[in-house]
Amino acid sequence: MNVCEYTLPGMFIKEHRVKVPLDWSQPQDGRTLDLFVREVVDPRKRHQSLSKLAFLQGGPGGKGPRPQSGGPVWLAEALKTHRVILMDQRGTGRSSRVESATLASMDGQAGAAYLWHFRADSIVRDCEFLRTALFGGDRWETLGQSYGGFLTLTYLSLAPEGLSACYVTGGLPGLDADADEVYRRTYPRVAAKNARYARRYPADAARIARLADVIAGSDVRLPDGDRLSVRRLQTLGMAFGMATGFDQVHGLIEEAFSDSAETRLSDHFLMAIMAETGYDGNPLYALLQEVIYGQPGHACRWAAERVRGQFPAFQPDARPLLFTGEMIYPWMFDEIRSLRPFRAAAAHLFTRQDYPPLYDRDRLANNEVPVSAVIYHDDMYVDAELSLATAARVGNLQAWVTNEFEHDGLRQSGRVFHRLRQELDDRGGPLPLR
């Protein structure tokens, strides 16, 4: 075990690196991963006995937040009362990061089998190892953002004895919804976000149409050599579910051309498109995005691509051109340089159907761990109707429904975590630590 300590303004940080089994069902087979975790505490309270709050990062495939001066805002709020645990989930950040070299010696089937160990059940078992082996074994609280909410329900299903309280922000999944149902619900919400974008920036429609026509009619290359297609351009809509997403996309569109005749795409635009629509920093997101919706006996089979056929307004030749959202398509593993090394593994992964259940519905119904959750009414990524249905099926869960925030409300305002904690405290607070 490696340990490193240092101090930032308002934060004392201790870093840990530990080894865990790749396969928790066969820990004796010798295959291991490194897990990297940060322990963050107010320097004035570093020697105090504080409740621990484990942050369950969104994603899938998202690394833990990096503490720095001025943020994240929720972390400053949490440090008033807690010792915060920030883990890079397996395969991300400094935890045996998955990248192209990881699968270089594996064929598609072996690669898919390897990636199978990066699902929610393995992440929860990593958390339980850290709680018991590294942090003394007391129950801890969790804060699950987005996919972290999916992890929370898996945690409550597999190891509720490790939890004293759970907070969930924008991440209550449908307990029975498979990938097809998720995307049938998602496309209309993304269309609604496109309509809001058009109302905010009405002049952009013509420029986007012109941009799509130029891309479709010529061989446009990104700085890394990838050919830019209209369907790759459409994936910029991934940002539409965040507070500043419309403005971010508009900033790219207004500088797309470098000439008044709008015939030449600017170097700035092409570099930004490469960065915004590439997956060098997070290939696990593309590989696992549909897998997180896997239900026993049901293969995902590229659900986003299949369901897209039911929504012709999203076709690349449609005008006005609509942006897509949190969807992963098979063509990405051909057109995007950073994903091509994973093409064979993805083909196997997306057709597997031997999913073990991630949620124990009976255990969740009888749950005694207090859960405080916020459901964002207009969330583009997580369907609010499915979230409300889940909230009604989980014992001891209280939900706050609001349209004040987009999906990133936790990052935008310290009030979100403060309210969830206050609501839980008003109901009696967390369970005893032991």
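**Reading loops, pockets and cores in a predicted model**

Pro 320 is found in the loop between helix 11 (303-308) and helix 12 (332-335), helices being DSSP runs of H or I with at least four residues and strands runs of E with at least two, numbered from the N terminus. This is a predicted model, in which local features need pLDDT of at least 70 and side-chain atom pairs count only at pLDDT 80 or more, while totals for chains, interfaces and linings use all residues. Residues are numbered from 1 along each chain as its sequence is written, and side-chain values use heavy atoms, with hydrogens and water left out.

Q: What kind of peptide bond joins Arg 319 and Pro 320?
A: The bond is cis, with omega about 5 degrees. The peptide bond from Gly 59 to Pro 60 is cis as well, with omega near 5 degrees, and Pro 60 sits in the loop between strand 4 (51-56) and helix 1 (73-78).

Q: Is Ser 146 buried or exposed?
A: Buried means under 20% relative accessible area, exposed over 50%, and partly exposed in between, for a 1.4 Å probe and protein chains only. Ser 146 is buried, at a relative accessible area of 10%; its phi is near 55 degrees, a positive value in a residue other than glycine, and it lies in the loop between strand 6 (140-145) and helix 4.

Q: How much space lies in the largest pocket?
A: Rolling a probe the size of a water molecule over the atoms shows where empty space is left. A pocket here is an open set of points on a 1 Å grid over the protein atoms alone, where a 1.4 Å probe fits, with protein on both sides within 12 Å along at least five of seven lines; lining residues have an atom within 4 Å of a point. The volume, meaning the space filled by probe spheres set on points joined across faces, edges and corners, is about 1,200 Å³ for the largest pocket. Of its 38 lining residues, Gln 57, Met 238, Met 242, Asn 282 and Arg 411 lie nearest the centre, and helix 9 gives the most to the lining, with 3 residues.

Q: Which residues have the most contacts inside the largest nonpolar core?
A: In soluble globular proteins, nonpolar side chains tend to be buried together. A nonpolar core is a set of buried Ala, Val, Leu, Ile, Met, Phe, Trp, Tyr and Cys residues joined through side-chain atoms within 4.5 Å. The largest has 117 residues, and Phe 269 and Phe 333 have the most contacts inside it.
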